[in-house]
Amino acid sequence: MFKTIKNDLPASIVVFFVALPLCLGIALASGAPLFSGLIAGIIGGIVVGSLSGSKIGVSGPAAGLAAIVLTAIGTLGGYQNFLVAVVLGGAIQLVFGFLKAGIIGYYFPSSVIKGMLTGIGIIIILKQIPHFFGYDPGGNLHFFEVNSKGTFSELIDTVNHITPGSALVGLISLGILILWDRVLTKKAKIFQLIQGPLVAVVVGIIFFTVTKSQDTIGITSSHLVSVPVPEDAASFFGQFSFPNFAAITNPEIWIVAFTIALVASLETLLCVEATDKLDPNKNVTPTNRELLAQGTGNILSGLIGGLPITQVIVRSSANIQSGGVSKMSAIIHGGFLVISVILIPSLLNMIPLSVLAAILLVVGYKLAKPSLFKKMYDLGWKQWIPFTVTVLGIVFIDLLYGIGLGLGVGIVVILIKSYQNSHFLHIEDSNNGKHVMKMTLAEEVTFFNKGAILKELDAIPQDTYLELDVRKTRYLDNDIIEILEDFAFKAKEREIDIKLVSERGVVENPSSFIEFFKLRPKSA
């Protein structure tokens with residue numbers, strides 16, 4: 001792994017600057033102490049990064065769990081009681097890993113996974129636009145809200161709350177990032193080693209230092225990163241919270257624990273699938289090992305006051321985009337988080353939020369490129385509709401609803417295609433006054449195909465010679481066999497002759513389809 005340090009070190013710096021505001025922002029959105037987000041980011045980087053089999057995946061607190069955490073802290077009677085649920089949730093994830101439940105992620109269509117990536121990218125862009133212009137509302141994760149600020153109201157309010165200094169340094173930072181990504185990295189290796197986000201952050205700190213005494217473009221503390229600054233070792237360790245295990249007998253804690261385990265595992269597995277698709281080296285992450293790593297991370301995070309952890313697509317994609325090639329980038333980024341909260345919290349508190357917003361805008365754009373929409377549209381409606389539904393669901397409702405809606409639509413698409421592709425029907429010329437038709441059944445024919453086959457059989461005209469070919473069929477549902485049995489009875493009345501062609505030979509007007517397929521070899 002140390003052989004790749006020249007790639008992983010620059011990537012870890014970018015991931016660090018992406019992870020830092022996310023750790024703080026997700027903790028704020030979750031109604032938890034800000035330090036809890038940093039704890040989760042550190043454990044996600046160092047512990048989960050070390051145990052995981054993913055080379056480029058990065059773990060930490062996830063926005064998809066923020067609503068669950070916010071609600072649970074209130075219903076369970078405090079943050080320390082909630083931490084018990086985090087620990088138990090991690091233990092349940094270990095059980096999932098030992099039961100080899102990691103295969104679940106493979107059953108989500110590619111269109112839904114791409115929709116998830118795009119939806120998250122759009123949310124990042126929409127949520128960071130106000131910060132980019134120096135408006136830092138305390139809004140929630142929903143697009144529309146009646147009684148509080150959602151994404152839509154925040155975007156409207158931004159027009160009336162632009163802070164000149166934040167907007168200016170945000171635009172400068174965005175220009176640096178675009179210039180670095182599109183031009184400079186192709187000119188010399190030095191620009192690949194020194195990453196654009198690092199330069200943008202340094203410029204942001206310099207800008208704040210130079211202009212802080214100016215009324216017009218000076219940036220106030222409310223528009224800067226806010227990391228807790230401990231005065232001594234005692235105050236530093238005093239920021240940790242510990243679970244109240246006396247509350248473990250509360251049934252609601254177990255319900256929350258199972259919810260966290262299920263949602264965190266699902267988010268992780270989908271992120272693993274998405275990250276592997278983005279990985280230019282096409283590494284395949286062992287999913288059961290990932291669940292074990294995540295479970296271990298959540299147990300440790302809960303024990304010392306951290307938020308629940310999942311593998312996170314924003315950090316992972318930033319890692320990939322920055323050239324990370326091994327798990328060292330994730331581990332090193334966790335080390336940077338440790339160093340930052342211990343040694344340089346005051347320096348971090350000089351970073352304008354608009355600079356970090358510029359970094360996240362670039363990450364969001366790369367996840368939701370306009371060219372991806374065109375590509376999905378060109379692939380046809382079977383890919384376009386689940387993709388679009390997933391994106392809209394994530395943006396306008398939330399992550400889990402969006403994934404659920406996309407998966408539901410994907411299943412409907414599969415059923416429609418299964419309905420259409422259950423058989424092939426070929427009509428030939430008349431032979432001695434009889435219509436000649438050939439129906440070839442697909443390799444697998446299930447009860448989903450009942451409607452299509454019934455429709456075709458009922459439409460066969462009287463006085464027809466039907467050749468039914470099942471040589472390629474490896475699975476024939478009992479429902480379909482019963483349909484054929486009923487059709488054979490009606491065929492005699494309609495003067496329809498049936499020629500059954502199978503691997504065992506040809507049978508003219510079989511007396512019973514049920515008995516015939518009972519005798520069929522298992523291999524067929």
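A: What follows looks at one helix pair, then at another helix and a loop residue. The model is predicted.

Start with the pair. Two packed helices are described by the angle between their axes and the distance between the axes. Here the pair is H1, residues 5–29, and H2, residues 34–51. Their axes come within 7 Å and cross at roughly 130 degrees. Angles of 65 to 115 degrees count as roughly perpendicular and those over 145 as roughly antiparallel, so H1 and H2 are oblique to each other. The crossing of H1 and H2 is right-handed.

Now the residues that touch. H1 brings Leu-20, Cys-23, Leu-24, Ala-27 and Leu-28. H2 brings Leu-34, Ser-36, Gly-37, Leu-38 and Gly-41. By class, this contact has 7 nonpolar and 3 polar residues, and no charged ones.

Next, helix H5. H5 runs over residues 110–132, which makes 23 residues. From first C-alpha to last, H5 reaches 32 Å, close to the 33 Å expected at 1.5 Å a residue. Of its 23 residues, 17 are buried, so H5 is largely enclosed by the rest of the structure. Just after H5, Gly-134 takes a positive phi of about 85 degrees.

Last, a loop residue. Ser-241 lies between helix H10 (233–237) and helix H11 (251–278). Its relative accessible area is 17%, and buried means under 20%, so Ser-241 is buried. Leaving aside neighbours within four places in sequence, Ser-241 is in contact with Tyr-79, Leu-83, Leu-303, Ile-304 and Gly-305.

Methods. Residues are numbered from 1 along each chain as its sequence is written. This is a predicted model: local features need pLDDT of at least 70, side-chain atom pairs count only at pLDDT 80 or more; totals for chains, interfaces and linings use all residues. Side-chain values use heavy atoms; hydrogens and water are left out. Helices (H or I, at least four residues) and strands (E, at least two) are DSSP runs, numbered from the N terminus. The expected span of a helix is 1.5 Å times one less than its number of residues. Buried means under 20% relative accessible area, exposed over 50%, partly exposed in between (1.4 Å probe, protein chains only). Axes are lines fitted to C-alpha atoms, for helices over the stretch in contact, and angles run from 0 to 180 degrees between N-to-C directions. Angles under 35 degrees count as roughly parallel, over 145 as roughly antiparallel, 65 to 115 as roughly perpendicular and the rest as oblique. A crossing is left-handed if the near helix is turned anticlockwise from the far one by less than a right angle, and right-handed if clockwise. Contact means heavy atoms within 4.5 Å. Ala, Val, Leu, Ile, Met, Phe, Trp, Tyr, Cys and Pro count as nonpolar, Asp, Glu, Lys and Arg as charged, and the others, Gly among them, as polar.
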